[in-house]
Amino acid sequence: MKNINWDDFKKIEIRVGTIVEVNDFPEAIKPAYQIKIDLGKNIGLKQSSAQITDLYSKEDLLGKQVMVVSNLPPKKIGPFISECLITGFYSKEKKVVLAIPEDKVPNGTLLV
């Protein structure tokens, strides 16, 4: 893995948001959801596609705070435009476990 410098890291905006809507994404090649995330009044709602159906139901996700990379350019995934990247880790079984804050923080809060 290549090292980055501090200035490179500071370019990445990782923010907290609350999931407010979750829909199936039948057009996705791998099982996924279409998710809307509230990133606070300054950023608003952003949408993302996430391959997290193995461990999370739609009902589990509603109201959950997640950490997202909020300053990536939009990415077209089939008919859907993803505006941010929900972060997570692969388990030993190659299932995505979400990266979430331990306590509730205001939507839009930047990781420091």
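Buried here means under 20% relative accessible area and exposed means over 50%, with partly exposed in between, using a 1.4 Å probe on protein chains only. Keep that scale in mind for Lys94, which is exposed at a relative accessible area of 62%. This is a predicted model, in which local features need pLDDT of at least 70 and side-chain atom pairs count only at pLDDT 80 or more, while totals for chains, interfaces and linings use all residues. Residues are numbered from 1 along each chain as its sequence is written, and side-chain values use heavy atoms, with hydrogens and water left out.

Back to Lys94 for a moment. Its phi is near 65 degrees, a positive value in a residue other than glycine. Lys94 lies in the loop between β8 and β9; helices (H or I, at least four residues) and strands (E, at least two) are DSSP runs, numbered from the N terminus.

Now for the sheet. Strands of a sheet pair through backbone hydrogen bonds, either parallel or antiparallel. In this model, 5 strands make an open sheet in the order β3-β2-β1-β4-β7, with antiparallel pairing. Two strands count as paired if DSSP finds at least two bridges between them. β3 and β7 are the edge strands, each with a single partner, so one side of each has no neighbour in the sheet.

β1 and β2 run antiparallel and are joined by 6 bridges, with Thr18 opposite Asp38 in β2. On the β4 side, Thr18 has Gln65 as its bridge partner, and Gly17 stands opposite Val66. In total, 5 bridges join β1 to β4, again antiparallel. From β4 to β7 there are 2 bridges, also antiparallel, and here Val69 stands opposite Leu85.

In a regular strand the side chains alternate between the two faces of the sheet.

Take Val68, which sits in strand β4 and is buried with a relative accessible area of 0%. Setting aside neighbours within four places in sequence, Val68 is in contact (heavy atoms within 4.5 Å) with Glu13, Ile14, Arg15, Ile37, Leu39, Cys84, Leu85, Ile86 and Thr87. The C-alpha atoms of Val68 and Gly88 are separated by 9.1 Å, with the two residues 20 apart along the chain.

In soluble globular proteins, nonpolar side chains tend to be buried together. A nonpolar core is defined as a set of buried Ala, Val, Leu, Ile, Met, Phe, Trp, Tyr and Cys residues joined through side-chain atoms within 4.5 Å. The largest one here has 16 residues, and Ile35, Ile37, Ile52, Leu61 and Ile86 have the most contacts inside it. Two or more residues come from each of β1 (14-24), β2 (33-38), β4 (65-69) and β9 (96-98), and β2 gives the most, with 3 residues. Another core lies apart from it, with 5 residues, among them Ile14, Met67, Val69 and Ala99. As for Ile86, its contacts beyond four places in sequence are Ile35, Ile37, Ser48, Ala50, Val66, Met67, Val68 and Leu98.

On a 1 Å grid over the protein atoms alone, a cavity is a set of points where a 1.4 Å probe fits but cannot get out, and a pocket is an open set with protein on both sides within 12 Å along at least five of seven lines; lining residues have an atom within 4 Å of a point. The largest pocket holds about 640 Å³, a volume being the space filled by probe spheres set on grid points that are joined across faces, edges and corners. Its lining has 26 residues, of which Ser49, Ala50, Gln51, Ile77 and Leu85 lie nearest the centre. β3 (45-50), β5 (75-77), β7 (85-86), β8 (88-90) and β9 each supply at least two lining residues. Ser49 belongs to strand β3 and is buried, with a relative accessible area of 19%.
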